[in-house]
Amino acid sequence: MSVLISELQNEMTGKEIAEQLRYLAERFPGQVVFSTSFGLEDQAITHFIVKSQLPIKIFTLDTGRLFAETYNTWSRTVEKYHLTITAYYPEASSLQEFVSTKGPNSFYESVENRKECCRIRKVEPLQRALNGNKIWITGIR
């Protein structure tokens, strides 16, 4: 694995973001995904993907606790770029059990609850989103 990482680092060095995205899409056809949370950095990456017409799948994790502004940005992004953004949600029965037994804000009460909440709302849906793909692109704040 580290050989591949070194190779990718060498190929990416000195390239603009559009070139890097194109390289990944060509090197790993149909196996590149981009996770967006609709922040500024992710909106810029979305723009490069769409502008360059790259076959990179875009997804988001809807934890059920997103701000109204996030949903508005999501809707405006889909409308502006005429694209599909696949949403991955927490598994309903796990979330229902967690909230029923511990309460909707229990993640504020302990580290253990926070970890369980994140596993249900973020980690497990992310695993489903990444399944079968080789490259995961994400913005960094």
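Colleague: Where does histidine 82 lie?
Modeller: Keep in mind that this is a predicted model. Histidine 82 is in the loop between α4 (68–81) and β3.

Colleague: What is phi of histidine 82 near?
Modeller: Near 50°. That is a positive value, and the residue is not glycine.

Colleague: Is histidine 82 buried or exposed?
Modeller: Exposed. Its relative accessible area is 73%.

Colleague: And glutamine 53, where is the place of that one?
Modeller: In the loop between α3 (40–51) and β2 (57–61). Phi of glutamine 53 is also positive, near 55°, again in a residue other than glycine.

Colleague: Buried or exposed, for glutamine 53?
Modeller: Glutamine 53 is exposed, at a relative accessible area of 72%.

Colleague: On to the sheet. What order do the strands have?
Modeller: β3-β2-β1-β4. The sheet is open, has 4 strands and pairs them in parallel.

Colleague: Which strands stand at the edges?
Modeller: β3 (86–88) and β4 (135–138). Each has a single partner strand, so one side of each has no neighbour in the sheet.

Colleague: What does the twist average from one strand to the next?
Modeller: The average is 30°.

Colleague: How many bridges join β1 to β4?
Modeller: There are 4 bridges between β1 (residues 32–35) and β4, and the two strands run parallel.

Colleague: Which residue of β4 does valine 33 stand opposite?
Modeller: Tryptophan 136.

Colleague: Zooming out, how many helices and strands are in the chain?
Modeller: The chain has 6 helices and 4 strands. Reading from the N terminus, the elements go α-α-β-α-β-α-β-α-α-β.

Colleague: What does the C-alpha trace span along its principal axes?
Modeller: About 50 × 40 × 25 Å.

Colleague: What share of the residues is buried?
Modeller: Of the 141 residues in the chain, 35% are buried.

Colleague: Contacts next. Of those between residues at least 6 apart in sequence, what percentage join residues at least 24 apart?
Modeller: The figure is 66%.

Colleague: Last one, on charges. How far apart are the mean positions of the positive and negative charges?
Modeller: They are 0 Å apart, with 17 positive and 16 negative charges in the chain.

Definitions and conventions: Residues numbered from 1 in each chain as written. Predicted model: local features only at pLDDT ≥ 70, side-chain atom pairs only at ≥ 80, totals over all residues. Heavy atoms only, no water. Pairing = 2+ DSSP bridges. Axes fitted to C-alpha atoms, helices over the stretch in contact; angles between N-to-C directions. Buried < 20%, exposed > 50% of the residue type's maximum accessible area, 1.4 Å probe, protein only. Contact = heavy atoms within 4.5 Å. Lys, Arg positive; Asp, Glu negative; His and termini not counted. Charge placed at Lys NZ, Arg CZ, Asp CG, Glu CD.
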